[in-house]
Amino acid sequence: MTTAHPPARERPGAALKDASQLRQKRMIAGHYERLGRAPESGEKNVYTFVPGNLTELLRSFDLLPVLPEINALQSAMRGKSKEYIAIAEKAGQSEDVCTYVKCDYGMMKAGNVGPTGERLPRPDLLLLSYTGCFTFLKWFEILREEYGAPVVMLHVPYQADGRITDSMRAYVVAQLRDKVIPELERISGRRYDEERLRAELRRSAAAEEDLVWVLQSARRRPSPIDAYFGAVYYLGPIFSAFRGTEDACAYYRELREEIEERIALGLGPVTPDGPLAQERFRLVIEGPPNWTHFHEFWRMFADEGAVAVASTYSKVGGVYDTGFRHDPDRPLETLADYCMGCYTNLNLPTRVDLITRYVEEYEADGVLIHSIKSCNSFSAGQLAMLREIESRTGKPGGFIESDLVDPRYFSAANLKNRLESYFQMLDQKRVRATA
Ligand code: SF4
(Lines give C-alpha, C1' and ligand atoms only; values in the text may rest on other atoms or scores of the structure.)
Protein backbone atom coordinates (compact mmCIF):
# COMPACT_ATOMS: atom_id res chain seq x y z
CA MET A 1 0.00 0.00 0.00
CA THR A 2 1.25 3.50 -0.75
CA THR A 3 0.01 6.84 0.42
CA ALA A 4 0.26 10.27 -1.20
CA HIS A 5 1.33 11.79 2.13
CA PRO A 6 3.67 9.16 3.62
CA PRO A 7 5.03 9.97 7.10
CA ALA A 8 8.75 10.78 7.03
CA ARG A 9 11.63 10.99 9.48
CA GLU A 10 13.56 14.26 9.72
CA ARG A 11 16.70 12.36 10.69
CA PRO A 12 17.57 8.68 11.29
CA GLY A 13 16.03 7.43 14.56
CA ALA A 14 13.62 10.37 14.89
CA ALA A 15 9.87 9.82 15.21
CA LEU A 16 7.85 9.53 11.97
CA LYS A 17 6.13 12.77 11.01
CA ASP A 18 3.21 13.50 8.66
CA ALA A 19 3.42 16.31 6.11
CA SER A 20 0.97 18.35 8.23
CA GLN A 21 3.25 17.92 11.24
CA LEU A 22 6.19 19.23 9.25
CA ARG A 23 4.06 22.19 8.08
CA GLN A 24 3.17 22.93 11.70
CA LYS A 25 6.82 22.77 12.70
CA ARG A 26 7.64 25.41 10.06
CA MET A 27 4.75 27.58 11.29
CA ILE A 28 6.00 27.42 14.89
CA ALA A 29 9.61 28.09 13.88
CA GLY A 30 8.48 31.09 11.80
CA HIS A 31 6.48 32.48 14.72
CA TYR A 32 9.40 32.20 17.16
CA GLU A 33 11.73 33.80 14.59
CA ARG A 34 9.35 36.74 14.30
CA LEU A 35 9.27 37.06 18.08
CA GLY A 36 13.07 36.88 18.17
CA ARG A 37 13.28 39.76 15.66
CA ALA A 38 10.63 41.85 17.44
CA PRO A 39 13.09 44.18 19.24
CA GLU A 40 14.45 45.22 15.81
CA SER A 41 11.26 44.98 13.74
CA GLY A 42 9.22 46.86 16.35
CA GLU A 43 6.42 44.26 16.29
CA LYS A 44 4.54 44.27 19.59
CA ASN A 45 3.65 41.14 21.54
CA VAL A 46 1.17 40.09 24.19
CA TYR A 47 1.75 37.28 26.67
CA THR A 48 -1.49 35.38 27.30
CA PHE A 49 -2.76 31.88 28.20
CA VAL A 50 -4.22 29.00 26.17
CA PRO A 51 -7.66 28.45 27.80
CA GLY A 52 -9.74 31.47 26.85
CA ASN A 53 -7.15 33.06 24.57
CA LEU A 54 -8.18 35.96 22.33
CA THR A 55 -5.85 35.18 19.45
CA GLU A 56 -8.14 36.60 16.72
CA LEU A 57 -8.53 39.86 18.59
CA LEU A 58 -4.76 40.19 19.13
CA ARG A 59 -4.04 39.44 15.48
CA SER A 60 -6.60 42.00 14.36
CA PHE A 61 -4.29 44.56 16.00
CA ASP A 62 -1.16 42.95 14.46
CA LEU A 63 -0.04 41.86 17.92
CA LEU A 64 1.96 38.65 18.29
CA PRO A 65 0.72 36.19 20.93
CA VAL A 66 3.21 34.53 23.32
CA LEU A 67 1.81 31.55 25.23
CA PRO A 68 3.84 30.73 28.37
CA GLU A 69 2.27 27.25 28.79
CA ILE A 70 3.30 26.35 25.24
CA ASN A 71 6.85 27.57 25.93
CA ALA A 72 6.92 25.40 29.07
CA LEU A 73 5.72 22.25 27.35
CA GLN A 74 8.00 22.79 24.37
CA SER A 75 10.95 23.29 26.74
CA ALA A 76 10.04 20.01 28.45
CA MET A 77 9.87 18.12 25.15
CA ARG A 78 13.37 19.44 24.39
CA GLY A 79 14.76 18.33 27.78
CA LYS A 80 15.16 21.83 29.25
CA SER A 81 12.49 21.86 31.98
CA LYS A 82 14.56 20.11 34.68
CA GLU A 83 17.12 22.91 34.63
CA TYR A 84 14.47 25.65 34.55
CA ILE A 85 12.48 24.15 37.44
CA ALA A 86 15.68 23.89 39.51
CA ILE A 87 16.35 27.60 38.90
CA ALA A 88 12.80 28.48 40.00
CA GLU A 89 13.00 26.36 43.17
CA LYS A 90 16.36 27.90 44.03
CA ALA A 91 14.70 31.29 43.70
CA GLY A 92 12.12 30.25 46.31
CA GLN A 93 9.25 28.69 44.31
CA SER A 94 7.90 25.78 46.34
CA GLU A 95 7.84 22.16 45.16
CA ASP A 96 4.04 22.30 45.07
CA VAL A 97 3.77 25.21 42.64
CA CYS A 98 2.44 24.35 39.15
CA THR A 99 5.45 23.16 37.17
CA TYR A 100 4.42 25.15 34.07
CA VAL A 101 4.91 28.29 36.17
CA LYS A 102 8.31 27.16 37.47
CA CYS A 103 9.49 26.09 34.02
CA ASP A 104 8.48 29.44 32.52
CA TYR A 105 10.00 31.40 35.41
CA GLY A 106 13.27 29.42 35.17
CA MET A 107 13.40 29.98 31.41
CA MET A 108 13.01 33.71 31.94
CA LYS A 109 15.73 33.76 34.62
CA ALA A 110 18.05 31.78 32.33
CA GLY A 111 17.80 34.49 29.64
CA ASN A 112 14.31 33.94 28.19
CA VAL A 113 15.55 31.87 25.27
CA GLY A 114 12.49 30.11 23.83
CA PRO A 115 12.28 26.44 22.89
CA THR A 116 13.56 26.94 19.33
CA GLY A 117 16.62 28.89 20.50
CA GLU A 118 15.30 32.41 19.80
CA ARG A 119 15.35 34.93 22.62
CA LEU A 120 11.77 35.92 23.45
CA PRO A 121 10.97 39.62 23.63
CA ARG A 122 9.85 41.24 26.86
CA PRO A 123 6.03 41.44 26.99
CA ASP A 124 4.47 44.69 25.80
CA LEU A 125 1.32 43.58 27.61
CA LEU A 126 0.21 40.72 29.88
CA LEU A 127 -3.34 39.77 28.88
CA LEU A 128 -4.74 37.77 31.75
CA SER A 129 -7.83 36.15 30.26
CA TYR A 130 -7.85 33.76 33.15
CA THR A 131 -10.13 30.79 32.70
CA GLY A 132 -10.89 28.14 35.29
CA CYS A 133 -7.57 28.19 37.17
CA PHE A 134 -6.49 30.68 39.84
CA THR A 135 -2.79 29.89 39.22
CA PHE A 136 -2.87 32.01 36.04
CA LEU A 137 -3.48 35.08 38.19
CA LYS A 138 -0.44 34.38 40.40
CA TRP A 139 1.66 33.53 37.33
CA PHE A 140 1.17 36.95 35.78
CA GLU A 141 1.72 38.63 39.16
CA ILE A 142 5.22 37.15 39.03
CA LEU A 143 5.79 38.24 35.42
CA ARG A 144 4.47 41.73 36.16
CA GLU A 145 7.02 42.03 38.97
CA GLU A 146 9.84 40.75 36.79
CA TYR A 147 9.11 42.73 33.63
CA GLY A 148 7.23 45.72 34.96
CA ALA A 149 4.81 45.13 32.06
CA PRO A 150 1.20 46.38 32.14
CA VAL A 151 -1.55 43.83 32.84
CA VAL A 152 -5.07 43.83 31.51
CA MET A 153 -7.42 41.32 33.04
CA LEU A 154 -10.43 39.67 31.45
CA HIS A 155 -12.40 38.02 34.21
CA VAL A 156 -14.18 34.96 32.78
CA PRO A 157 -17.05 33.66 34.97
CA TYR A 158 -16.90 29.97 35.85
CA GLN A 159 -19.78 27.82 34.57
CA ALA A 160 -20.81 26.94 38.13
CA ASP A 161 -24.35 25.99 37.06
CA GLY A 162 -23.25 24.30 33.86
CA ARG A 163 -24.48 26.98 31.48
CA ILE A 164 -23.65 30.37 30.04
CA THR A 165 -26.27 33.00 30.89
CA ASP A 166 -26.95 36.26 29.03
CA SER A 167 -25.64 38.28 31.97
CA MET A 168 -22.37 36.28 32.05
CA ARG A 169 -21.92 36.96 28.32
CA ALA A 170 -22.74 40.67 28.72
CA TYR A 171 -20.23 40.92 31.60
CA VAL A 172 -17.39 39.51 29.45
CA VAL A 173 -18.35 41.60 26.39
CA ALA A 174 -18.34 44.79 28.51
CA GLN A 175 -14.81 44.01 29.73
CA LEU A 176 -13.65 43.34 26.17
CA ARG A 177 -15.16 46.60 24.92
CA ASP A 178 -14.25 48.86 27.85
CA LYS A 179 -10.94 47.45 29.10
CA VAL A 180 -9.24 44.97 26.80
CA ILE A 181 -9.78 46.69 23.42
CA PRO A 182 -8.71 50.17 24.65
CA GLU A 183 -5.52 48.62 26.07
CA LEU A 184 -4.81 46.79 22.80
CA GLU A 185 -5.37 50.05 20.93
CA ARG A 186 -2.92 51.81 23.22
CA ILE A 187 -0.21 49.13 22.90
CA SER A 188 -0.55 48.66 19.14
CA GLY A 189 -1.26 52.28 18.16
CA ARG A 190 -4.16 51.01 15.96
CA ARG A 191 -7.91 51.48 16.14
CA TYR A 192 -10.18 48.49 16.72
CA ASP A 193 -11.20 47.16 13.30
CA GLU A 194 -14.29 44.97 13.62
CA GLU A 195 -14.29 43.94 9.96
CA ARG A 196 -10.78 42.62 10.34
CA LEU A 197 -11.77 40.71 13.47
CA ARG A 198 -14.73 39.18 11.60
CA ALA A 199 -12.37 37.95 8.87
CA GLU A 200 -10.14 36.31 11.48
CA LEU A 201 -13.16 34.67 13.13
CA ARG A 202 -14.39 33.36 9.77
CA ARG A 203 -11.06 31.61 9.22
CA SER A 204 -11.16 30.25 12.80
CA ALA A 205 -14.56 28.68 12.15
CA ALA A 206 -13.31 27.01 8.95
CA ALA A 207 -10.30 25.52 10.76
CA GLU A 208 -12.50 24.41 13.68
CA GLU A 209 -14.81 22.61 11.27
CA ASP A 210 -11.91 20.55 9.92
CA LEU A 211 -10.53 19.92 13.41
CA VAL A 212 -13.87 18.54 14.63
CA TRP A 213 -14.09 16.29 11.58
CA VAL A 214 -10.61 14.95 12.42
CA LEU A 215 -11.43 14.36 16.10
CA GLN A 216 -14.72 12.65 15.26
CA SER A 217 -13.00 10.34 12.77
CA ALA A 218 -12.03 8.34 15.88
CA ARG A 219 -15.58 6.93 15.96
CA ARG A 220 -14.44 4.53 13.22
CA ARG A 221 -12.88 1.12 13.78
CA PRO A 222 -9.98 1.15 13.60
CA SER A 223 -9.64 4.75 14.62
CA PRO A 224 -7.39 6.55 12.11
CA ILE A 225 -6.14 8.93 14.82
CA ASP A 226 -4.97 8.89 18.40
CA ALA A 227 -7.13 11.53 20.08
CA TYR A 228 -4.73 12.10 23.00
CA PHE A 229 -1.09 11.79 21.91
CA GLY A 230 -1.71 12.41 18.21
CA ALA A 231 -4.21 15.13 19.05
CA VAL A 232 -1.46 17.14 20.71
CA TYR A 233 -0.13 17.84 17.22
CA TYR A 234 -3.59 18.38 15.74
CA LEU A 235 -4.38 21.03 18.32
CA GLY A 236 -1.12 22.94 18.13
CA PRO A 237 -2.19 25.67 15.68
CA ILE A 238 -5.69 26.17 17.05
CA PHE A 239 -4.63 26.26 20.72
CA SER A 240 -1.67 28.55 20.20
CA ALA A 241 -0.77 31.52 18.05
CA PHE A 242 -2.45 30.63 14.76
CA ARG A 243 -6.22 30.58 15.18
CA GLY A 244 -7.71 32.90 12.58
CA THR A 245 -4.76 32.70 10.17
CA GLU A 246 -4.56 31.36 6.59
CA ASP A 247 -1.76 29.09 7.81
CA ALA A 248 -4.09 27.43 10.32
CA CYS A 249 -6.74 26.87 7.61
CA ALA A 250 -4.13 25.29 5.31
CA TYR A 251 -2.82 23.11 8.13
CA TYR A 252 -6.29 21.73 8.99
CA ARG A 253 -7.19 21.14 5.35
CA GLU A 254 -4.00 19.15 4.87
CA LEU A 255 -4.50 17.23 8.10
CA ARG A 256 -8.05 16.31 7.10
CA GLU A 257 -6.83 15.04 3.72
CA GLU A 258 -4.22 12.89 5.45
CA ILE A 259 -6.85 11.35 7.74
CA GLU A 260 -9.24 10.80 4.81
CA GLU A 261 -6.45 8.93 3.07
CA ARG A 262 -5.70 6.87 6.17
CA ILE A 263 -9.39 5.91 6.43
CA ALA A 264 -9.48 4.90 2.76
CA LEU A 265 -6.47 2.66 3.34
CA GLY A 266 -7.87 1.21 6.58
CA LEU A 267 -4.86 2.46 8.54
CA GLY A 268 -4.74 3.12 12.28
CA PRO A 269 -3.06 6.13 13.85
CA VAL A 270 0.56 7.04 13.24
CA THR A 271 2.59 6.39 16.40
CA PRO A 272 6.24 7.39 16.98
CA ASP A 273 7.16 4.08 15.29
CA GLY A 274 4.77 4.15 12.33
CA PRO A 275 1.12 3.15 11.82
CA LEU A 276 -0.37 1.13 14.67
CA ALA A 277 -0.61 -2.49 13.55
CA GLN A 278 -3.71 -3.48 15.52
CA GLU A 279 -6.22 -1.60 17.61
CA ARG A 280 -6.80 -3.66 20.78
CA PHE A 281 -8.21 -1.15 23.25
CA ARG A 282 -10.20 2.04 22.74
CA LEU A 283 -9.80 4.54 25.56
CA VAL A 284 -11.16 7.89 26.66
CA ILE A 285 -8.38 9.75 28.49
CA GLU A 286 -8.84 12.57 30.98
CA GLY A 287 -6.03 14.95 32.00
CA PRO A 288 -3.04 16.47 30.18
CA PRO A 289 -0.13 14.31 28.97
CA ASN A 290 3.39 14.19 30.37
CA TRP A 291 5.75 16.25 28.23
CA THR A 292 9.19 15.28 29.53
CA HIS A 293 8.83 11.67 28.31
CA PHE A 294 6.14 12.20 25.72
CA HIS A 295 7.19 9.51 23.21
CA GLU A 296 8.10 6.98 25.90
CA PHE A 297 4.69 7.51 27.50
CA TRP A 298 2.92 7.19 24.11
CA ARG A 299 4.76 3.94 23.37
CA MET A 300 3.39 2.40 26.62
CA PHE A 301 -0.02 2.65 24.96
CA ALA A 302 0.94 1.99 21.35
CA ASP A 303 2.89 -1.18 22.27
CA GLU A 304 -0.31 -2.60 23.79
CA GLY A 305 -2.50 -1.57 20.85
CA ALA A 306 -4.25 1.03 23.04
CA VAL A 307 -5.70 4.00 21.14
CA ALA A 308 -7.25 7.10 22.64
CA VAL A 309 -10.51 7.67 20.78
CA ALA A 310 -11.38 10.83 22.75
CA SER A 311 -9.72 12.98 25.39
CA THR A 312 -10.49 15.99 27.52
CA TYR A 313 -7.05 17.54 27.14
CA SER A 314 -7.88 18.16 23.50
CA LYS A 315 -10.67 20.50 24.74
CA VAL A 316 -8.70 22.79 27.09
CA GLY A 317 -8.27 25.34 24.30
CA GLY A 318 -11.90 25.04 23.21
CA VAL A 319 -14.72 22.48 23.23
CA TYR A 320 -15.71 22.47 19.59
CA ASP A 321 -17.27 19.03 19.22
CA THR A 322 -20.41 20.06 21.11
CA GLY A 323 -21.13 22.59 18.36
CA PHE A 324 -19.36 25.83 19.24
CA ARG A 325 -17.69 27.69 16.36
CA HIS A 326 -16.38 31.24 16.41
CA ASP A 327 -19.16 33.33 14.86
CA PRO A 328 -18.10 36.32 12.73
CA ASP A 329 -21.61 37.82 12.99
CA ARG A 330 -21.28 38.23 16.79
CA PRO A 331 -17.59 39.09 17.16
CA LEU A 332 -17.34 40.04 20.84
CA GLU A 333 -20.13 37.75 22.03
CA THR A 334 -18.50 34.78 20.32
CA LEU A 335 -15.15 35.54 22.00
CA ALA A 336 -16.99 35.61 25.34
CA ASP A 337 -18.71 32.27 24.65
CA TYR A 338 -15.42 30.74 23.57
CA CYS A 339 -13.65 31.78 26.80
CA MET A 340 -16.47 30.53 29.02
CA GLY A 341 -16.75 27.23 27.13
CA CYS A 342 -13.18 25.94 27.53
CA TYR A 343 -12.97 22.59 29.29
CA THR A 344 -11.37 23.77 32.56
CA ASN A 345 -14.14 26.37 32.91
CA LEU A 346 -16.79 23.62 33.06
CA ASN A 347 -18.08 22.35 36.40
CA LEU A 348 -17.55 18.72 37.40
CA PRO A 349 -21.06 17.43 36.50
CA THR A 350 -20.66 18.89 32.98
CA ARG A 351 -17.24 17.24 32.64
CA VAL A 352 -18.71 13.91 33.79
CA ASP A 353 -21.53 14.24 31.22
CA LEU A 354 -19.02 15.00 28.47
CA ILE A 355 -16.74 12.04 29.28
CA THR A 356 -19.72 9.69 29.64
CA ARG A 357 -20.92 10.79 26.23
CA TYR A 358 -17.46 10.16 24.75
CA VAL A 359 -17.39 6.62 26.20
CA GLU A 360 -20.71 5.86 24.58
CA GLU A 361 -20.33 7.64 21.23
CA TYR A 362 -16.77 6.42 20.62
CA GLU A 363 -17.51 2.89 21.91
CA ALA A 364 -14.60 3.00 24.34
CA ASP A 365 -13.47 0.00 26.38
CA GLY A 366 -12.55 2.14 29.37
CA VAL A 367 -11.72 5.54 30.85
CA LEU A 368 -8.22 6.36 32.00
CA ILE A 369 -7.27 9.34 34.11
CA HIS A 370 -3.76 10.69 33.85
CA SER A 371 -3.59 12.86 36.94
CA ILE A 372 -1.07 15.69 37.11
CA LYS A 373 0.68 16.08 40.43
CA SER A 374 1.14 19.82 40.23
CA CYS A 375 -2.09 20.82 38.45
CA ASN A 376 -4.74 21.24 41.11
CA SER A 377 -7.14 22.71 38.59
CA PHE A 378 -7.30 19.55 36.50
CA SER A 379 -6.79 17.03 39.30
CA ALA A 380 -9.42 18.21 41.80
CA GLY A 381 -12.35 15.80 41.85
CA GLN A 382 -10.93 13.34 39.31
CA LEU A 383 -11.46 10.24 41.48
CA ALA A 384 -15.06 11.19 42.20
CA MET A 385 -15.57 11.81 38.48
CA LEU A 386 -14.09 8.40 37.65
CA ARG A 387 -16.41 6.58 40.05
CA GLU A 388 -19.46 8.35 38.59
CA ILE A 389 -18.42 7.62 34.97
CA GLU A 390 -17.75 3.94 35.82
CA SER A 391 -21.16 3.56 37.38
CA ARG A 392 -22.94 5.26 34.48
CA THR A 393 -21.13 3.44 31.66
CA GLY A 394 -20.18 0.12 33.25
CA LYS A 395 -16.71 0.55 31.71
CA PRO A 396 -13.58 0.02 33.84
CA GLY A 397 -11.70 3.09 34.98
CA GLY A 398 -7.94 3.39 35.46
CA PHE A 399 -5.85 5.98 37.29
CA ILE A 400 -2.19 6.86 36.75
CA GLU A 401 -0.16 9.85 37.88
CA SER A 402 2.88 11.82 36.76
CA ASP A 403 3.49 15.47 35.94
CA LEU A 404 3.47 17.94 33.08
CA VAL A 405 7.06 19.15 32.86
CA ASP A 406 8.84 17.96 36.02
CA PRO A 407 10.79 14.81 35.09
CA ARG A 408 11.18 13.86 38.78
CA TYR A 409 7.55 12.71 38.81
CA PHE A 410 7.69 10.47 35.75
CA SER A 411 8.29 6.93 37.01
CA ALA A 412 8.37 4.80 33.86
CA ALA A 413 8.38 1.41 35.66
CA ASN A 414 5.48 2.38 37.89
CA LEU A 415 3.38 3.75 35.02
CA LYS A 416 4.07 0.74 32.84
CA ASN A 417 3.06 -1.68 35.62
CA ARG A 418 -0.17 0.14 36.28
CA LEU A 419 -1.01 0.38 32.59
CA GLU A 420 -0.29 -3.30 32.00
CA SER A 421 -2.59 -4.25 34.90
CA TYR A 422 -5.27 -1.97 33.51
CA PHE A 423 -5.04 -3.46 30.01
CA GLN A 424 -5.21 -6.98 31.51
CA MET A 425 -8.38 -5.96 33.30
CA LEU A 426 -9.90 -4.68 30.04
CA ASP A 427 -8.95 -7.95 28.36
CA GLN A 428 -10.52 -10.06 31.09
CA LYS A 429 -13.69 -8.01 30.98
CA ARG A 430 -13.89 -8.58 27.24
CA VAL A 431 -13.34 -12.34 27.61
CA ARG A 432 -16.08 -12.54 30.26
CA ALA A 433 -18.45 -10.55 28.05
CA THR A 434 -17.99 -12.95 25.11
CA ALA A 435 -18.00 -16.16 27.24
S1 SF4 B 1 -2.34 24.55 37.69
FE2 SF4 B 1 -2.92 23.42 35.83
S3 SF4 B 1 -4.50 24.65 34.79
FE4 SF4 B 1 -3.46 25.98 36.30
S5 SF4 B 1 -1.83 26.97 35.16
FE6 SF4 B 1 -0.91 25.14 36.05
S7 SF4 B 1 -1.15 23.54 34.47
FE8 SF4 B 1 -2.51 25.25 33.91
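**Pockets, ligand shell and a parallel strand trio**

By class, seven nonpolar, five polar and one charged residues make up the lining of the second largest pocket. Welcome to a quick tour of this predicted model.

- The space in the second largest pocket comes to about 200 Å³.
- A total of 13 residues line the second largest pocket, and those closest to its centre are Gln159, Val319, Thr322, Gly341 and Leu346.
- Two helices, H12 (331-341) and H13 (348-361), each give at least two residues to the lining of this pocket.
- H12 provides the largest share of that lining, with three residues.

**Around the ligand**

- If you look at the ligand, you will find Cys98, Tyr100, Cys133, Thr135, Phe136, Cys375, Ser377 and Leu404 surrounding it.
- By class, this shell holds six nonpolar and two polar residues, and no charged residues.

- Strand E5 spans residues 125-128, and both of its faces are covered.
- On one side of E5 sit Leu125 and Leu127, on the other Leu126 and Leu128, and all of these leucines are buried.
- Strand E3 (residues 45-48) runs parallel to E5, and three bridges join the two.
- Within this pairing, Leu127 of E5 has Thr48 opposite.
- E5 also pairs with strand E6 (residues 151-153), again in the parallel sense and over three bridges.
- Here Leu126 has Val151 of E6 standing opposite.
- To get from E5 to E6, the chain passes through helix H6 (residues 135-147), making a right-handed β-α-β crossover.

**Lys25 in helix H1**

- Lys25 has its place in helix H1, which covers residues 19-41.
- Is Lys25 buried, exposed or partly exposed? Lys25 counts as partly exposed because its relative accessible area is 38%, a value between the 20% limit for buried and the 50% limit for exposed.
- Lys25 and Leu211 lie 186 residues apart along the chain, and 18 Å separates their C-alpha atoms.

Technical notes: Residues are numbered from 1 along each chain as its sequence is written. This is a predicted model: local features need pLDDT of at least 70, side-chain atom pairs count only at pLDDT 80 or more; totals for chains, interfaces and linings use all residues. Side-chain values use heavy atoms; hydrogens and water are left out. A residue is near a molecule or strand if one of its heavy atoms lies within 4 Å of it. Ala, Val, Leu, Ile, Met, Phe, Trp, Tyr, Cys and Pro count as nonpolar, Asp, Glu, Lys and Arg as charged, and the others, Gly among them, as polar. Buried means under 20% relative accessible area, exposed over 50%, partly exposed in between (1.4 Å probe, protein chains only). Helices (H or I, at least four residues) and strands (E, at least two) are DSSP runs, numbered from the N terminus. Two strands pair if DSSP finds at least two bridges between them. A crossover is right-handed if, with the strands pointing away from the viewer, the path from the first strand over the helix to the second runs clockwise. On a 1 Å grid over the protein atoms alone, a cavity is a set of points where a 1.4 Å probe fits but cannot get out, and a pocket is an open set with protein on both sides within 12 Å along at least five of seven lines; lining residues have an atom within 4 Å of a point. Grid points are joined across faces, edges and corners, and a volume is the space filled by probe spheres set on the points.
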